[in-house]
Amino acid sequence: MSGPVDDLPPGGSAPEPPVLEIGASREANVGGMRVLRALPRKGRRTVGAWCFADHLTPVPNAADIGPHPHTGLQTVTWLVEGQLVHRDSLGSEQAIRPGQLNLMTAGNGVAHAEESARPVSGMLHGLQLWVAQPEETRHGEAAFEHHGVLPRAELPGGVATVLVGEYAGATSPARHDTPLVGVDLDLPPGAGVWPLRPEFEHALIVLSGAVGIDGELVRPGALAYLGLGRDELALETVEPTRAIVLGGEPFAETLVMWWNFVARTRDEVDAAYAAWTEAGERFGTVDTTLPRIPVAAPFWQV
Ligand code: MN
């Protein structure tokens, strides 16, 4: 579903109108926090290499997510409100505040914990995104990076902060292993036209407020898939709005995603599950008082 159309009839045909698929996010519970899972969803597994998007709706800031493993992906954490502390099996310990970016590359394996900063107060609002790593890097070393300041592009319609990739002449320092973009849009009431790369497929998630796209209203709790081939996106707002635009070249590899693992086969998932359950060296240890998160065996094993 995410690849370009390559079976056009002979003789060419008129361009299709731009795609706009607005799909509801699913409610999920992560460490006791209510999240809206925008991606993956039925019929839409990836947008570029973006393969997972959890919107932490404003919730009391009491995150206590104990050590858990990842493989084959990068976690991208972006907050609008509140503060978290990240600890991982590489020895990283890093607080993250609104406007900053945490990016952890799992490669063959890493473990991390995410906790509210003490003393706990206020609300937590943000996004955790995953990026599928390509074959060339997914078996490689784990890594962690924190970016305290990200580049911004001021456009007539608002301010774009570039989380990943290049946008409107501003380039994020964050690592990406495939052609990718992630942008936060801070939109005052009004209308604006935002440049896009036509060779990327894109999607938009509203964090707060609402945007009009092609005559449809998009609110928090949905993912608006915008397809390939758009070179710009017209957005209308009637209230202050924050939205995230994700894009990238369609990801060509077929993913097998189970729990916190992004793999290609069930055998790979089985091996990662066994390594976590046996608490061997593959995922290392995280320096925290929180307990490790256990998980039941994949359904195909029982
Ligand atoms: Mn995680």
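Ala, Val, Leu, Ile, Met, Phe, Trp, Tyr, Cys and Pro count here as nonpolar, Asp, Glu, Lys and Arg as charged, and the others, Gly among them, as polar. The model is predicted: local features need pLDDT of at least 70, side-chain atom pairs count only at pLDDT 80 or more, and totals for chains, interfaces and linings use all residues. Residues are numbered from 1 along each chain as its sequence is written, and side-chain values use heavy atoms, with hydrogens and water left out.

**View 1. The largest cavity and its lining.** Three cavities of 30 Å³ or more are found in a search of the whole structure; a cavity is a set of points on a 1 Å grid over the protein atoms alone where a 1.4 Å probe fits but cannot get out, and lining residues have an atom within 4 Å of a point. The largest cavity holds about 60 Å³ of space, a volume being the space filled by probe spheres set on the points, which are joined across faces, edges and corners. Strands S6 (73-81), S7 (84-88), S9 (101-105) and S10 (110-116) each give two or more residues to this lining; strands (E, at least two residues) and helices (H or I, at least four) are DSSP runs numbered from the N terminus. S7 has the largest share, three residues. By class, the lining has five nonpolar, five polar and one charged residue. Among the lining residues are Thr77, His86, His112, Glu114 and Phe144.

**View 2. The manganese ion.** His68, His70 and His112 each coordinate the ion through NE2, at 2.1 to 2.2 Å. Donors are N, O and S atoms within 2.8 Å of the metal (3.2 Å for Na, K and Ca); water is not among the atoms, so sites may look incomplete. Along the chain the donors follow the spacing H-x1-H-x41-H. His70 in strand S5 (residues 64-70) and His112 in strand S10 are 42 residues apart, a pair that links distant parts of the chain. His70 is buried at 1% relative accessible area, and His112 is buried at 0%; buried means under 20%, exposed over 50% and partly exposed in between (1.4 Å probe, protein chains only).

**View 3. Pro134 in a loop.** Pro134 lies between strand S11 (123-132) and helix H1 (135-138). This proline counts as buried, at 3% relative accessibility. Leaving aside residues up to four places away in sequence, Pro134 touches Asp177, Thr178, Phe251, Glu253 and Arg264, where contact means heavy atoms within 4.5 Å.

Key:
1 Å grid on protein atoms, 1.4 Å probe; cavity = no way out; pocket = protein on both sides within 12 Å on 5 of 7 lines; lining within 4 Å.
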